[in-house]
Amino acid sequence: MRSMESDAGAVDAAVVALLASDLTGPDDDALLATVREVERARRRLTAVDHRLVLELERRSVAATRIHRSTAALLVELLHLDPGEARARVRAAEELGPSASLQGEPRPPLLPATAAAQADGAISARHAEVVSRAMGSLPAGLEPQVRAAAERTLAEQARGLRPSELTRSAERLCAHLDPDGSLTADADRARRRTFEVGVQGADGLSPVRGLLDPQCRALLDAAMSALARPEPDGALRDLRTPGQRRHDALAGVCRQALASGGLPSQRGLPATLVL
């Protein structure tokens, strides 16, 4: 019986052989076939990674190695960025086989997508699109409809680029809940998010997110007056609407800091550092 370590060693040996192979010999058809096979293997290895990550979770290896989570263990073990490590764990939880507390095997949360990935038919990016689409569906959707939607997207993923699959998923989600009647407050609360990206060399930072209705109403009320054009004598306010909204957001934050009403952080008052 072969060990898991010997199987992994065989994969590494195959990669070494490919690196040493002569690419000038094969004709175009053979070269294209090799490109397809290498891509298929790359995609299937992602499914292997899911199994490995879930086994680390099952054994609580992170805790025995004094790490707070499996993602933190992967950061240290594989020199990954924390975001990528967390994404790998999330993908494994959705697309890898697991077991109940009694040890009974359980299928992946996205079984059709997991099967397509194990076949090497779809990439991790395809799977991410399906996962995001399924997460956006209302919790009130009937289980059989949700399962059919996942099967449909997984089958479409086999023949579409991720960008095309994204558009198809958006159409499917809109079809399943056209008027938003199935979307509940719990769905909106689950999907709410706000992220500020890494600051670039020019000092600018990208932002993205989804605001729930209450947060949107608060933001609109707080910024409406501050985002208006400011007349300055005979001069017109030359700022674009987007620039005015940006400055209004800065004004809201500035007033909140000046109010002194923000909670302290580690015993220190909230303050602005430039």
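Colleague: What describes the packing of helix α7 (residues 124-136) and helix α9 (residues 162-176)?

Modeller: The axes of α7 and α9 come within 9 Å and cross at roughly 15°. The model is predicted, with local features needing pLDDT of at least 70, side-chain atom pairs counting only at pLDDT 80 or more, and totals for chains, interfaces and linings using all residues. Residues are numbered from 1 along each chain as its sequence is written, and side-chain values use heavy atoms, without hydrogens and water.

Colleague: Why are α7 and α9 called roughly parallel?

Modeller: Angles under 35 degrees count as roughly parallel. The α7 and α9 axes cross at roughly 15°, and the two helices are therefore roughly parallel to each other.

Colleague: Which residues of α7 and α9 meet?

Modeller: With contact meaning heavy atoms within 4.5 Å, Arg-125, His-126, Val-129, Val-130, Arg-132, Ala-133 and Ser-136 in α7 meet Pro-162, Leu-165, Thr-166, Ala-169 and Cys-173 in α9. These residues divide into seven nonpolar, three polar and two charged; Ala, Val, Leu, Ile, Met, Phe, Trp, Tyr, Cys and Pro count as nonpolar, Asp, Glu, Lys and Arg as charged, and the others, Gly among them, as polar.

Colleague: How many residues does α2 give to the lining of the largest pocket?

Modeller: α2 (28-59) gives the most, with 17 residues. Val-48, Asp-49, Arg-51, Leu-52 and Val-53 are the closest to the pocket centre among the 36 lining residues.

Colleague: What is the make-up of the lining of the largest pocket?

Modeller: The lining of the largest pocket divides into 21 nonpolar, one polar and 14 charged residues.

Notes:
Axes fitted to C-alpha atoms, helices over the stretch in contact; angles between N-to-C directions. Helix = DSSP H or I, 4+ residues; strand = E, 2+ residues; numbered from the N terminus. Parallel < 35°, antiparallel > 145°, perpendicular 65-115°, else oblique. 1 Å grid on protein atoms, 1.4 Å probe; cavity = no way out; pocket = protein on both sides within 12 Å on 5 of 7 lines; lining within 4 Å.
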